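Please keep the sequence and the 3D view open while reading this note. The points below go from the whole chain to single residues.

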Amino acid sequence: MRKVHPEFAYQSRELGGQIDGILGDPPNRKNYDMMLNALVSEYAGGGGIEDVNMMSFALVDHITFSNPKGLLVEAGEYEGGSPEKVFAMAACEGEAEAMYSAMTGNHPELARQAIITAFLFKHPRLWDEDDESLEQLSRDDDGDDRYDDEDDGVTDDFAQMFDKEGD
């Protein structure tokens with residue numbers, strides 16, 4: 001398993017939540033298809049919301065990947081990276097081809113992130129994320145020892161500042 005950037009892991013989970021939310025409970029494929037068709041149409045026309053999650057949602061059912069190992073390497077860096085390298089590792093066909101071309105041409109950085117997010121969502125067993133839970137973060141933490149040696153009591157000088165009788 002390969003570690004991915006925490007933001008990609010987050011975006012992948014968000015995409016799953018968004019898909020589940022659109023499908024609803026019980027799942028309504030008609031609503032999902034309407035949403036997906038609207039997104040594909042908007043992005044194909046050069047518009048659409050400039051958002052990684054919305055772009056990856058539009059891509060997820062249409063995109064294919066030719067180099068999973070290369071995409072996993074690219075998933076190690078959220079910002080930066082080479083959009084052209086990522087674009088060469090993925091493709092869309094049919095009506096989604098126009099959407100893919102418009103996304104990659106108009107918003108290369110966002111499209112790079114959306115492609116990697118869609119890839120990670122579709123292939124969750126290929127990657128892992130760093131455990132940043134509080135339990136893991138505190139596992140090797142011995143605590144804050146800065147104040148252990150100090151007396152918890154208040155000094156007389158400090159206490160007299162608040163003494164109303166002026167002793």
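1. Helices (DSSP runs of H or I, at least four residues) and strands (runs of E, at least two) are numbered from the N terminus. By this rule the chain has nine helices and four strands. Read from the N terminus, their order is β-α-α-α-β-α-α-β-α-α-β-α-α.

2. The model is predicted: local features need pLDDT of at least 70, side-chain atom pairs count only at pLDDT 80 or more, and totals for chains, interfaces and linings use all residues. Residues are numbered from 1 along each chain as its sequence is written, and side-chain values use heavy atoms, with hydrogens and water left out.

3. The predictor's confidence in each residue is its pLDDT, which runs from 0 to 100. Over the chain the mean pLDDT is 84, and 79% of the residues reach 70 or more. Confidence is lowest in helix α8 (residues 134-138), with a mean of 54, and highest in strand β2 (residues 63-65), at 96.

4. A residue is called buried under 20% relative accessible area, exposed over 50%, and partly exposed in between (1.4 Å probe, protein chains only). Of the 167 residues of the chain, 34% count as buried. Contact means heavy atoms within 4.5 Å. Among contacts between residues at least 6 apart in sequence, 77% join residues at least 24 apart.

5. How many of the nine residues of α3 are buried? Nine of the nine are, so α3 is largely enclosed by the rest of the structure. Among them are N53, M54, F57 and A58. The buried residues of α3 pack against α1 (6-23), α2, β2, β3 (90-92), α6 and α7.

6. Helix α3 (residues 52-60) packs on α7 at an angle of about 55°, with the axes 8 Å apart. Axes are lines fitted to C-alpha atoms, for helices over the stretch in contact, and angles run from 0 to 180 degrees between N-to-C directions. Angles under 35 degrees count as roughly parallel, over 145 as roughly antiparallel, 65 to 115 as roughly perpendicular and the rest as oblique. The helices α3 and α7 are therefore oblique to each other.

7. A crossing is left-handed if the near helix is turned anticlockwise from the far one by less than a right angle, and right-handed if clockwise. The crossing of α3 and α7 is right-handed. On the α3 side the contact involves V52, M55, S56, L59 and V60, and on the α7 side the residues include L110, A114, T117 and F121. By class, this contact has ten nonpolar, three polar and one charged residues. Here Ala, Val, Leu, Ile, Met, Phe, Trp, Tyr, Cys and Pro count as nonpolar, Asp, Glu, Lys and Arg as charged, and the others, Gly among them, as polar.

8. The axes of helix α2 (residues 29-44) and α6 come within 7 Å and cross at roughly 55°. That angle makes α2 oblique to α6. Their crossing is left-handed. V40, Y43 and A44 of α2 meet A98, M99, A102 and M103 of α6. These residues divide into seven nonpolar, no polar and no charged.

9. T117 lies in helix α7 (residues 108-122). Is T117 buried or exposed? T117 is buried, because its relative accessible area is 0%. Leaving aside neighbours within four places in sequence, T117 is in contact with F8, Q11, S12, L15, V52 and S56.

10. H107 sits in the loop between α6 (96-106) and α7. With a relative accessible area of 15%, H107 is buried. Not counting residues up to four places away in sequence, H107 touches E50, M55 and A102.
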